[in-house]
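Definitions come along the way.

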Amino acid sequence: MTRKGWVVGAAMMLALGLTQASAQDSALKVGMITTLSGGGAGLGIDVRDGFLLAVKQAGVPIDVVVEDDQRKPDIAVQLADKLIQSDKVDVMTGIIFSNLAMAVIPSAVAQGKIYLSPNAGPSQLAGPGCNPNYFNVAWQNDNLHEAAGAYANSAGHSNSFILAPNYPAGQDALTGYKRFYEGELAGELYTALGQTDYAAEIAQIRASGADSVFFFLPGGMGISFLKQYADSGVDMPVIGPAFSFDQGILQAVGDAALGVRNTSQWSKDLDNPTNAAFVESFQAEYGRLPSLYASQGFDTANLLISAMGKADVADADAFRAALKEADFDSTRGAFKFNTNQHPVQDIYVREVVKEGDVFTNRIVATALRERGDAYAADCPME
């Protein structure tokens, strides 16, 4: 299921969609570039699977061309050129990592393609670099880290050691944490993207005098850090965004993650009918619990499907307006776009728990309510 160039077609049209004069009446083509191999593969697989599940359930005429960027910016750029120039896609989506997003999205939207981000939300695309063709359906990169900073205050932490990879999302992560965190910093480190040995960083944490650790290390990086941290004997609480404590990561980390608090705009126990149905159907379709990334892929597809019911993608202005309405049932419950076409949404504190043999998360508090982002005021769109 992970080979490059996989094409998925959904041939049936919803009866309701057929009755709407403004609805899309021919297949819409989506180009999905995502990470399907290497250390971040689980993230891209979940975005892909969530997106395709929504398409299957809706039965709308969407052809999805899936490509593996291998977490390499040059490969992502080549794939984007192919999808735009040869495959003639109407809409693009899928990118997980912000350095790849920055390599692909500005060029894609400049060529008139609509891009729906199911994950990466670099600050550069939220402020002056916003674009009418760019919609982020997940969050702006800083958001979950802002919530972690707010939670650190309420938990009484006043001397955090913070670390993240040195790439756009990592830089946004530490910026976001510091925006809401009110205490001192015992240390601040940027690690290498893809790093798996954290012995030196853990030694610095041990010697720092910190009372807490905040880290953003998605995918395999987070698994490596958490295991090494647990084995090190360092005894201080860790806080992180959902990316480091998500469903796929938790099974690999195991008991070392139990009780850890993390922040997310989604959780499998969010109490709304759409989310309950999504969790059940995803597990039935794929044999595993959905992750944050799967929920974002699912919501991205349903946003697109909602716009298809109102406008033809050939009418760019009307289609953009339909997307901006965000007239779909989100797994998150309440969802709307800010003026910069990034979400306004609640962000929660979750705790890692064990249900039977499965490690997962449950919501214990709300960290931020109806949070937009710090960059919307600098976006020239209204």
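By class, 3 nonpolar, 5 polar and 3 charged residues make up the lining of the second largest cavity. Here Ala, Val, Leu, Ile, Met, Phe, Trp, Tyr, Cys and Pro count as nonpolar, Asp, Glu, Lys and Arg as charged, and the others, Gly among them, as polar. This is a predicted model: local features need pLDDT of at least 70, side-chain atom pairs count only at pLDDT 80 or more, and totals for chains, interfaces and linings use all residues. Residues are numbered from 1 along each chain as its sequence is written, and side-chain values use heavy atoms, with hydrogens and water left out.

The second largest cavity has a volume of about 50 Å³. Its lining includes Asp246, Trp266, Lys268, Pro290, Arg350 and Asn361. Cavities and pockets are found on a 1 Å grid over the protein atoms alone. A cavity is a set of points where a 1.4 Å probe fits but cannot get out. A pocket is an open set with protein on both sides within 12 Å along at least five of seven lines. Lining residues have an atom within 4 Å of a point. Grid points are joined across faces, edges and corners, and a volume is the space filled by probe spheres set on the points.

Where does the second largest cavity lie? Domain 1 (22–141 + 270–344) and domain 2 (143–265 + 348–371) both give residues to its lining, so the cavity lies between them. The domain bounds come from an automatic or database domain assignment.

The whole structure has 2 cavities of 30 Å³ or more. The largest cavity has a volume of about 110 Å³. It is lined by 15 residues, with Asn119, Trp139, Tyr167, Ala169 and Phe216 closest to its centre. That lining splits into 11 nonpolar, 4 polar and no charged residues. Both domains contribute to the lining of the largest cavity, so it too lies between them.

The C-alpha centres of domain 1 and domain 2 are 26 Å apart. Contact (heavy atoms within 4.5 Å) takes 24 residues from domain 1 and 24 residues from domain 2. The buried area is about 2000 Å², and carbon and sulfur atoms give 59% of it. Buried area is the accessible area (1.4 Å probe) that two parts lose on being put together, summed over both. Between domain 1 and domain 2 there are 0 salt bridges.

A salt bridge is a side-chain nitrogen of Lys or Arg within 4 Å of a carboxyl oxygen of Asp or Glu. The structure holds 17 of them. One joins aspartate 299 to arginine 332, with the closest N and O atoms 3.0 Å apart. Aspartate 299 sits in helix 11 (residues 292–308) and arginine 332 in the loop between helix 12 (316–325) and strand 12 (336–337), so the pair ties together parts 33 residues apart in sequence. Helices (H or I, at least four residues) and strands (E, at least two) are DSSP runs, numbered from the N terminus.

Last, the second largest pocket. About 170 Å³ of space lies in it. Of its 14 lining residues, Gly333, Ala334, Phe335, Gln345 and Asp346 lie nearest its centre. Strand 13 (residues 343–355) gives the largest share of this lining, 4 residues.
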